[in-house]
Amino acid sequence: MRAVQHFTATAVVGLCAVLGAALPASAQIKIGAVLSVTGPASFLGDPEKKTLEIYVDEINAKGGVNGQKLQLIVYDDAGNPNNARTFATRLVEEDKIDAMVGGSTTGATLAMIPVFEDAKIPFISLAGAIQIIEPVRKWVFKTPHTDKMACEKIFADLKQRNLTTIAMISGMDAFGKSMRDQCVAVAPKAGIKIATEESYGPRDSDMTPQLTKIRNTAGVQAVVNPGFGQGPAIVTRNYSQLGIKLPFYQSHGVCSKEFIKLAGPAAEGVRLPCAALLIADKLPASDPQKPVVVNYTHTYQQKTGQAVSTFGGHAYDGLMILVQAMQRAKSADKAKVRDEIEKTKGYIGTGGIVNMSPTDHLGLNLSAFHMLEIKGGDWTLVPGT
Amino acid sequence: MAELLQFAFSGLTVGAIYALVALGFTLIHNASDIINFAQGEFVMLGGMTTVFMATAGIPLPLAMLIAIVVTTGVGLALHRFAIEPARGASPVALIMITIGASVFLRGVAQIVFDKRFHSLPPLFGADPIQFGGAAILPQSLVVLAGAAVIVALLWLFVERTLLGKAVIATAANRLAARLIGVDTRRIVDFSFAVSAAIGAIAGILITPIALTSYDVGTLLALKGFAAAMLGGIGSPLGAVVGGLLIGMIEALCAGYVSSSYKDAAAFLIILVVLIAMPQGLFGRVKVERV
């Protein structure tokens, strides 16, 4: 009996020693992710998680990075920044990750930044707000374009059409408010005058009073509607109901076929800035992003059976920028990888062409957006944008 | 003038939507003193079921009918499996149950349907009717007419039928109603079914204007509830007047004051009215005899 026990103990110790010795040889690169997979922001986190899983598997099938397999550790913050912070701490202290991709929402990202800054771990956020990278933080990067860029893109198009006085009607949801603030902030620099401003609740079903006021405001040459969800579709319908003929701009928040379907014939002639991913089939063959977005669209739709969204694309870009930085650094050393992420130049992703620098941890310019016009119930690229 | 008319049309459109939702609250409240916070989910189910039936290739009128039947079934199930087993509990506890049911239905809808927004084609075309320099959609008039028809039917039902009297009797005193031979369980069953059907009709009629999604019910129920309270809960006429009033105030405030304050203005007026007339505009004053 005693002998058996002794034998078992020895065997266990031996096994441990073997495993311990074997571990470093096949060590994995651990990539952490905290995403809003469920809850109110699940439309962000769900495609992000699926994208990361698809591409981590694909990279591992091809032999991993620098001969090491990737291990993806995903936690679901359910849209709550407090949870995100707790999971961030767990990723650092227990899982001992090498790099971090994710943070679906701006709230979650801002809550996690101190954790990764302290732990000196490269952190690529997938959230929208410009506050994540302004001011620049040493370890924090992000992939999605910002609301500010969408405003600038719209204003640039207005200038090209010699329209300088606009009215804004904004949704009072988080997206609408944030974009409205950015548009108001960049308008003077772009030479655009905002003559009047209106707002509507995220669930309002009729915006004709606001639009009537805009119609009766002297000097308005165009109308811009920052908003997300069903609001912009109703605004667009009301716009045509009132017979307003001014040029009408929607935001990148409604870059989906769903918007055209919901707004119906009223959407005719509406212009909006969109990322290349959503118009993959409309891009000219000469566009450098074309192969990337077509590939991603194909892979994602095949593996999940769902339509692509820009959010999954942000996760794709985050993972690829990180992996390429690791390949250039020839290791998963946190400091070296961080330096290489910052040196990312000419990375062609779903969100645009990324050129990072010590002062720019996003690296996208206005070419990341394409100005579209809705014609005949479909997108058309506005020439020269 | 054209401006005022346009604001009034907007108020009418929005108000008619609130009124239709508010109507759903009256019957259940009349029969059981419960405020059913899952009423907004009935509205959502009506719209979403129609959308998905229609997408599946079923002709629109049939899809609408199926949606009403399905929602009525859900209303019945809500009573049988959630409210009825807890019938001894206080109204507050029962109201909690309806809130739970509302969360549950929203969760199920998210899985059974999807998380996207959907629309339905309007019954009489999408071309706005021009009148005095203002424009109104034909569907707004349909919603208004729908509310009027439901009010008339409810009034006829409560005032002119024995079953209607039984509903009132059940609300007034359940024990006494049972003593004179009213099957009160059936009556409450019936009121849940009809309220659910009214909710489904509301959902179908307003979807071409307001669009629908799995979570559309929450805010609609809030506004509908406010309308019902303003008009006097339990009164169908009050529900419609309350709904139209809130819609008008919102539209006029958005037009003449500021769109940022329109919700605040509406709720301020509700507060003032309820302080002056706690039973609402058309509510019955409850007399407690000792």
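L278(A) is buried because 23 C-beta neighbours lie inside 10 Å; a residue is classed as buried if 20 or more other C-beta atoms lie within 10 Å of its own, as exposed if 12 or fewer do, and as partly exposed in between, with C-beta atoms placed from the backbone. The model is predicted, and local features need pLDDT of at least 70, side-chain atom pairs count only at pLDDT 80 or more, and totals for chains, interfaces and linings use all residues. Residues are numbered from 1 along each chain as its sequence is written, while chains are lettered from A and ligands numbered from 1 in the order in which they are written.

L278(A) is placed in the loop between β10 (271–275) and α10 of chain A; helices (H or I, at least four residues) and strands (E, at least two) are DSSP runs numbered from the N terminus. Apart from neighbours within four places in sequence, L278(A) makes contact with C255(A), S256(A) and T310(A), two residues being in contact if their C-beta atoms, placed from the backbone, lie within 7 Å. Between L278(A) and K153(A), the C-alpha to C-alpha distance is 17 Å, at a sequence separation of 125 residues.

Chain A as a whole contains 12 helices and 14 strands. Along the principal axes, its C-alpha atoms fill a box of roughly 95 × 40 × 40 Å. Of the 385 residues of chain A, 51% count as buried. Among the contacts in chain A with a separation of 6 or more, 67% are between residues 24 or more positions apart.

Two domains are assigned in chain A: domain 1 comprises 28–145 + 290–365, and domain 2 comprises 148–281 + 369–381. These bounds come from an automatic or database domain assignment. A distance of 30 Å separates the C-alpha centres of domain 1 and domain 2 of chain A. Their contact involves 12 residues of domain 1 of chain A and nine residues of domain 2 of chain A. On the side of domain 1 of chain A that touches domain 2, two or more residues are given by each of α10 (290–304) and α11 (310–329) of chain A. The largest share of this side, three residues, is supplied by α10(A). By residue class, this side of domain 1 of chain A has six nonpolar, six polar and no charged residues; Ala, Val, Leu, Ile, Met, Phe, Trp, Tyr, Cys and Pro count as nonpolar, Asp, Glu, Lys and Arg as charged, and the others, Gly among them, as polar.

Several backbone features of chain A were examined. Most residues other than glycine have a negative phi, and most peptide bonds are trans. E134(A) and P135(A) are joined by a cis peptide bond, with omega of about 0°, and P135(A) belongs to the loop between β4 (123–125) and β5 (140–142) of chain A. A78(A), which is not a glycine, has a positive phi near 55° and is located in the loop between β2 (70–76) and α3 (81–93) of chain A. With 17 other C-beta atoms within 10 Å, A78(A) is partly exposed. A positive phi of about 55° is also found at K330(A), again not a glycine, in the loop between α11 and α12 (334–342) of chain A. K330(A) is exposed, since 11 other C-beta atoms lie within 10 Å.

The contact between the two chains takes 27 residues from chain B and 24 residues from chain A. On the side of chain B that touches chain A, the elements giving two or more residues are α1 (2–32), α8 (184–210) and α10 (236–257) of chain B. Eight residues, the largest share of that side, come from α1(B). The side of chain B that touches chain A comprises 15 nonpolar, eight polar and four charged residues.

Within chain B, R284(B) occurs in the segment after α11 (262–276). R284(B) counts as exposed, with 12 C-beta neighbours inside 10 Å. Its contacts, leaving aside neighbours within four places in sequence, are with G234(B) and Q279(B). The C-alpha atoms of R284(B) and G234(B) are separated by 8.3 Å, although the two residues are 50 residues apart along the chain.
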